[in-house]
Amino acid sequence: MGDKLFSAHQDHRIRVWKIDNETPNRNYKCIATLPTINDRCMKLFWTRNYVQVRRHKKCTWVHHVDTVSALALSKDGSLLYSASWDRTFKIWRSSDFKCLESVWNAHDDAINSIVVSNNGHVYTGSADKKIKIWTKQQEGSNKHTLMTTLKKHKSAVNALALSTDGCVLYSGACDRSIIVWEKLQVLGALRGHKKSILCLAVVSNDLLCSGSADKTVRIWKRGFGKSCYSCLAVFEGHNGPVKCLTATLDSQKYDDDDSCSGSSYMIYSGSLDCDVKVWKLWVPNYLS
């Protein structure tokens with residue numbers, strides 16, 4: 001978000017880093033750890049701020065008590081959402097990093113993924129095989145309530161992604177399938193990976209990237225029909241599961257010849273083999 005970077009970790013905390021773009025090596029300085037000291041102290045002395053986290057243990061509701069597995073920002077950047085294996089998701093104000101809300105026991109098992117739509121709907125995917133959609137109780141409120149639950153996956157949901165216009169939801173799971181949702185209905189399932197789907201990234205409204213425990217990255221292209229998808233490419237080269245993906249439109253255009261013109265994309269993949277790979281994908285216009 002601007003000159004700030006948010007990172008989540010197994011130590012149950014979120015850190016905020018300041019990016020110094022003026023130095024040649026682009027230095028990063030930790031400027032905050034969430035929950036902040038102020039947040040922790042303000043909640044410390046009131047019994048109503050404590051929740052039961054284990055049989056004989058309580059802590060304040062601003063704390064995650066297990067791995068923070070996913071982060072997401074609202075469209076305007078004013079809110080940060082965090083999901084955790086402790087089965088909660090929390091909402092933080094990005095201006096002062098104050099915790100505004102904690103949705104306790106949001107799922108029956110660990111939450112692995114969280115995404116936020118342009119209209120403020122929150123989507124959470126969990127090891128309980130469910131995807132839940134949350135909405136604000138009323139306009140201007142920070143309190144979220146469950147809107148609906150999507151149940152189609154046969155195993156843990158590991159990854160979620162929204163199309164750029166927010167109309168299509170993609171979910172990847174340990175059952176090796178990517179389910180395509182639109183208006184809360186299943187449009188179809190994308191199959192091709194041989195092991196669990198671990199991450200998803202949307203490049204454009206008709207282009208999706210998926211990373212898997214089978215060590216490959218697949219590129220999926222949406223056709224003319226809403227449920228018509230095809231595997232455009234398979235990237236092989238990692239020696240471990242592909243855990244994270246991001247993609248962007250490349251500035252270079254291939255338009256020397258009208259018959260061969262197209263769009264170029266940069267795909268970045270991070271794997272448990274400790275490598276980050278950069279892939280260049282060119283999609284000719286006749287496939288659009």
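I looked up Cys 274 and found it exposed, with a relative accessible area of 72% (exposed is over 50%, buried under 20%, partly exposed in between, with a 1.4 Å probe and protein chains only). The model is predicted, so I note that local features need pLDDT of at least 70, side-chain atom pairs count only at pLDDT 80 or more, and totals for chains, interfaces and linings use all residues. Residues are numbered from 1 along each chain as its sequence is written, and side-chain values use heavy atoms, with hydrogens and water left out.

Next I checked for disulfides (pairs of cysteine sulfur atoms within 2.5 Å) and found zero. The sulfur of Cys 274 has its closest cysteine sulfur in Cys 244, 12 Å away, which is too far for a bond. For Cys 59 the closest is in Cys 99, at 11 Å, also too far for a bond. Cys 59 counts as buried, at 11% relative accessibility.

Then I looked up pockets. On a 1 Å grid over the protein atoms alone, a pocket is an open set of points where a 1.4 Å probe fits, with protein on both sides within 12 Å along at least five of seven lines; lining residues have an atom within 4 Å of a point. Grid points are joined across faces, edges and corners, and a volume is the space filled by probe spheres set on them.

The largest pocket holds about 1700 Å³ of space. I noted 49 lining residues, with Ala 70, Leu 71, Ile 114, Leu 200 and Leu 245 closest to the centre.

The second largest pocket has a volume of about 270 Å³. Its lining has 17 residues, and Tyr 81, Asn 118, Asn 119, Gly 120 and Lys 136 are the closest to its centre.
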